[in-house]
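Please look through the sequence and the model below before reading on. The report that follows takes up confidence, overall layout, the nonpolar cores, and a few side-chain pairs.

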Amino acid sequence: MDGPPPVPGDFNVADGAGVVVSGTLAYSGTQQGQLRIDFLATEEGAPPRLLHIEKLDAVGPYSVSTPPNTGPVALVAFIDIDNDGPSPKDPAGMVRITIEESSMDAVDISLSDTPDLGDLTPGDAAPPEATDGAKGSASENPEIALPPGPETAAGAVDAPENADAPSADEPTEPPANSAPMTPTAPAEIGNSE
């Protein structure tokens, strides 16, 4: 979702041709901005694809000519209060239809200040928060960042501290891999023989 949104296609259907989708947009809130309906292709197993944007002057009746046999489509209507495209704070509503060869009327959409758009909810605000949360999860990183410079000495001295910090099954492995302690270990082995 990085970068600008994809440029939508356009139905380019002549007046009176194609399949007419019509209904009423209803909104009882007080937010103001550009009113628009996004037509999103919702084919199973594929991400939603923006097919068409219909900008309207006011809530009430609407009518859009669409190509026949477009298939499953989600109509997401929203009020773009900040003129920045769909965002989680925009009043919105959604209806799912399948466009075939017959016109459809009474495709009504109710906009809400707290919409539930499911998998089509805009989520641009989540990634920065997730990044900040990742900074807080740096408690695992001190194990790797503990040796400031002398890695061999820090590895020999700090290995027990690292084993106590995560409290995992690794405390037995650092003594077995104690490379800095190899000068004393062969001496003990030599005396035992």
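## Confidence in the model

The value called pLDDT is the predictor's confidence in each residue, on a scale from 0 to 100. It matters here since this is a predicted model, and the protein averages a pLDDT of 72, with 59% of the residues scoring at least 70. Confidence is highest in strand E7, at 98, and lowest in helix H2 (residues 142–145), where the mean is 35.

Two stretches of the chain call for care. Over residues 124–163 the pLDDT stays under 50, and the model has 12 contacts beyond four places in sequence for this stretch. Over residues 165–193 the pLDDT again stays under 50, and here the model has 6 such contacts. Where pLDDT is low, the predicted coordinates should not be read in detail.

## Overall layout

The protein has 7 strands and 5 helices, and, read along the sequence, these elements follow the pattern β-β-β-β-β-β-β-α-α-α-α-α. Of the contacts between residues at least 6 apart in sequence, 64% join residues that are at least 24 apart.

Buried residues make up 27% of the 193 residues in the protein. The accessible surface comes to about 12,600 Å², and 52% of this surface belongs to carbon and sulfur atoms.

## The nonpolar cores

The largest nonpolar core has 22 residues, and those with the most contacts inside it are Leu25, Ile37, Phe39, Tyr62, Leu75 and Leu111. The elements that give two or more residues to this core are strands E1 (19–26), E2 (34–41), E3 (49–56), E4 (60–66), E5 (71–80) and E6. Apart from this core lies another, of 8 residues, among them Leu40, Leu50, Val76 and Leu117.

Is Phe39 buried or exposed? Phe39 counts as buried, because its relative accessibility is 0%, and buried means under 20%. Leaving aside neighbours within four places in sequence, Phe39 is in contact with several residues, including Phe11, Leu50, Val64, Val73 and Leu75.

## An aromatic pair

The structure holds 1 aromatic pair. The rings of Phe11 and Phe39 have their centres 5.3 Å apart and their planes at 80 degrees, so the pair is edge-to-face; the angle that counts as edge-to-face is over 60 degrees. The pair links distant parts of the chain, with Phe11 in the segment before E1 and Phe39 in strand E2, 28 residues apart. Phe11 is buried, with a relative accessible area of 10%.

## Salt bridges

Side chains of opposite charge can pair when their charged atoms come close. The structure holds 4 salt bridges, and one of them joins Arg36 to Asp38, with the closest N and O atoms 2.7 Å apart. Arg36 counts as buried at 12% relative accessibility, and Asp38 is buried as well, with a relative accessible area of 6%.

How exposed are the partners in the salt bridge between Asp119 and Arg96? In this salt bridge the side chains of Asp119 and Arg96 meet at 2.9 Å, N to O. The pair links distant parts of the chain, for Asp119 is in the loop between strand E7 (109–110) and helix H1 (126–136), while Arg96 is in strand E6 (residues 92–99), 23 residues apart. Asp119 counts as exposed at 64% relative accessibility, whereas Arg96 is partly exposed, with a relative accessible area of 44%. A further salt bridge is formed by Lys89 and Asp82, whose closest N and O atoms are 2.6 Å apart; Lys89 is exposed at 53%, and Asp82 counts as partly exposed at 39%.

Ser22 has its place in strand E1 and counts as buried, at 17% relative accessibility. Not counting residues up to four places away in sequence, Ser22 touches Tyr62, Ser63, Met104, Asp105, Ala106 and Val107.

Gln32, by contrast, lies in the loop between E1 and E2 and is exposed, with a relative accessible area of 68%. Leaving aside neighbours within four places in sequence, Gln32 is in contact with Ile79 and Ile81. Gln32 and Asp90 are 58 residues apart in sequence, and their C-alpha atoms are 9.6 Å apart in space.

Conventions
Residues numbered from 1 in each chain as written. Heavy atoms only, no water. Buried < 20%, exposed > 50% of the residue type's maximum accessible area, 1.4 Å probe, protein only. Helix = DSSP H or I, 4+ residues; strand = E, 2+ residues; numbered from the N terminus. Contact = heavy atoms within 4.5 Å. Core = buried A, V, L, I, M, F, W, Y, C linked by side-chain atoms within 4.5 Å. Phe/Tyr/Trp six-rings, centres within 6.5 Å; stacked < 30°, edge-to-face > 60°. Areas by Shrake-Rupley, 256 points an atom, 1.4 Å probe, with all protein chains shown as cover.
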